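Hello,

Here is the structure for your files. My notes on what was found in it follow below.

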Amino acid sequence: MKLSLFSFLLLLCSISFAQLSVQNDAYVFVKKQYVYVTDDVNIDDVDSKIYLRDEAQLLQGNGTTGNSGQGELSVYQTGTVNQWSYNYWCSPVGNNSPAFGNEDARVNLIDDATGLTSSTDALFVSGYNGSASPLSIAKRWLWTYQMSTQYIDWVYVGATGAIKPGLGFTMKGNGTGQTGSQLYDFRGKPNNGTITNDVANGVNTLIGNPYPSAIDAAAFIHDDDNQASITGTLLFWEQDGTIPSHVLVEYRGGYSSFTISEDGSTVTTAPAQFMTYDEEDNSFPLPVPSYGSKVAKRYIPIGQGFMIEGRAGTPSAPATVYTKNEHRVFAKESDGNSYFFRSSNTNLTESNTSVGIQYQDNGLSIVPEDYKRFRINVDFTVNNAHYTRQLVLNFHESATTGFDYGLELISSESLASDAYFSLDENVFSGQAFPFEETLTIPLVIDIEHQQPLRFRIFDIQNFNESQGIFIHDSITDTYTNLRQTDYELHINPGHYSDRFSIVFTTETLGIETYKDTELTIFQDNALHQLSVLNPQNLDIETITIYDVTGKRINQLHFKETQEQYHVSTVHLIDGVYVVNVISDSGKTTTSQKIIVKK
């Protein structure tokens, strides 16, 4: 179909073409719907235009000719207005020219929208901060990242540097506010067809959605050509815009991770690691912390960039990741099917219903009935700052004890004090298993400085109410049912790879579990002390230590009730001891085995 001079087309319903050619000063205006073109789109002349408005999108089929033309497709996307915060982008257009096929993008293809169809070139400034109106962009924050694990390997592109189709780039916001959205008008030749980028085993590449339409994350992740090349985890950058600084060490940010099962029914996410306390040390209610709460959805919107990790290839002989027309779908952010990672999406109406996936009010997805799931929050306190690492566990009969592509989240970041799962020398923020009560799931903890540590549980799905979910501390030899109480302790610096684990029964071990109305007894060999935690302020009369022969080694008497009791064990030789605590005027006796090891 060719549109002649002065022609105008307002699409109120979706429409399809075998080919689409726009000539002279004609234009196509699309609102809220999509145009599907089987083969190529030719925006032939300089004044020829296609305008996609109100989340309208362009989809293309299996044609191999490629798009061409000196005219422009114009499509909007909104990013953060916050001048301190990065968004990760991927341009849906490249340089416009008469040549057929995709061409490199440049950041200066972005325009400042001045009207429904009018625009002016965005300005690019050399300082730290841009501005929202007129739109000016700070050049110093425009970078790409390909095949590396080192922060120093970001590649500067500025306003005019060539960006390969499908490769992502970073850009900071352009306003002084902490929240709000900035409108960007991408103008150029629309990308089309199969687009490739290089990946390497164990290192990251910043790519994104390269089309003027949404793409289906399930189709992308489970494409046969991609499964051997990438881990299947997509990483979306999220940054706390309340930190007014451009200094790297002062950033508070992280990656929200996402994967999805092949049938698209099960989304697995873990948020970025952020603070969960305010300045007055008041904890935010579970399950949603104030920061790190953004959740990616199945459909990746126009312009969205994200990190992937390769699982094949080397930097000198890379493997390939593919985005294809067959991954493209018409999915609008306002329908709740997709989500662009910006500081605010106040211009959109968030829905908790997505195609094939249901969401809770907190934004977390609901798993199908044949799955089980729960999340563990591990709370750290470093230099008076409180933050949380959230881990997720999926259970399904199709899962294995090895790596389950599309059900597990491989993490690309770990902090000095952090929590994660480990398999084959990889760090995971989410794992999957076939459920059995005899399962033992190790949980690795790294601690940089002595601090309080807390384990919490939430988002429990499809477990019987009677099914216990325990954190086992092998040092204290205690089993705490996280469905009944949090597990809290003070911990010394170290790498704890075999101290903590998630288990589902203690019966075969003959261990008595502790409820929140009881005492917690544990031995801290690093501090050479026995601790008795008394959260219910029971009337403790005596604490007695016996060796394995029954000989009394030490006995202490107390007249005042305390929340914590500490007894030095520095004089004890290595071995197993039994601690006996008598409370409530002799009515309650609690015994616990401890292991002393210097």
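**Salt bridges**

E72 and R187 form a salt bridge through their side chains, at 3.7 Å from N to O. This pair joins distant parts of the chain: E72 belongs to strand 10 (residues 72–80) and R187 to strand 20 (residues 181–190), 115 residues apart. Both E72 and R187 are buried. They also belong to a network of salt bridges that links E72, D111, D185 and R187. Please keep in mind that the model is predicted.

The count of salt bridges comes to 13. Side chains of opposite charge can pair when their charged atoms come close. Two further pairs are described here.

- R389 and D418 meet in a salt bridge at 2.8 Å, N to O. R389 is buried, as is D418.
- K31 and D54 meet in a salt bridge at 4.0 Å, N to O. K31 sits in strand 5 (residues 27–31) and D54 in the loop between strand 8 and strand 9, 23 residues apart, and this pair also links distant parts of the chain. K31 counts as partly exposed because its relative accessibility is 34%, and D54 counts as partly exposed because its relative accessibility is 44%.

**The chain overall**

The chain contains two helices and 52 strands. Of its 598 residues, 57% are buried. The accessible surface comes to about 24,500 Å², and carbon and sulfur atoms account for 48% of that. Among contacts with a separation of 6 or more, 67% are between residues 24 or more positions apart.

S213 is in the loop between strand 22 (204–208) and strand 23 (214–216). S213 has a relative accessible area of 0%, so it is buried. Apart from neighbours within four places in sequence, S213 is in contact with Q57, L58, L59, I302, R328 and V329.

Q304 is in the loop between strand 28 (299–300) and strand 29 (305–309). Its relative accessibility is 2%, so Q304 counts as buried. Not counting residues up to four places away in sequence, Q304 touches Y88, W89, C90, G208, N209, F236, Y339, F340 and F341.

E55 lies in the loop between strand 8 (49–53) and strand 9 (57–60). With a relative accessible area of 27%, E55 is partly exposed. Leaving out neighbours within four places in sequence, the contacts of E55 are Q33, F330, K332, E333 and S334. The C-alpha atoms of E55 and I302 are separated by 9.2 Å, although these residues are 247 apart along the chain.

**A charged patch**

Which residues form the negative surface patch? They are D224, E262, D263, E369, D370 and E397. One of them, E262, is placed in the loop between strand 25 (253–260) and strand 26 (267–270). The relative accessible area of E262 is 57%, and therefore E262 is exposed.

Regards

Note on methods. Residues numbered from 1 in each chain as written. Predicted model: local features only at pLDDT ≥ 70, side-chain atom pairs only at ≥ 80, totals over all residues. Heavy atoms only, no water. Patch = residues over 30% accessible without salt bridge, like charges linked within 9 Å, V, L, I, M, F, W, Y side chains within 5 Å. Areas by Shrake-Rupley, 256 points an atom, 1.4 Å probe, with all protein chains shown as cover. Lys, Arg positive; Asp, Glu negative; His and termini not counted. Charge placed at Lys NZ, Arg CZ, Asp CG, Glu CD. Helix = DSSP H or I, 4+ residues; strand = E, 2+ residues; numbered from the N terminus. Buried < 20%, exposed > 50% of the residue type's maximum accessible area, 1.4 Å probe, protein only. Contact = heavy atoms within 4.5 Å.
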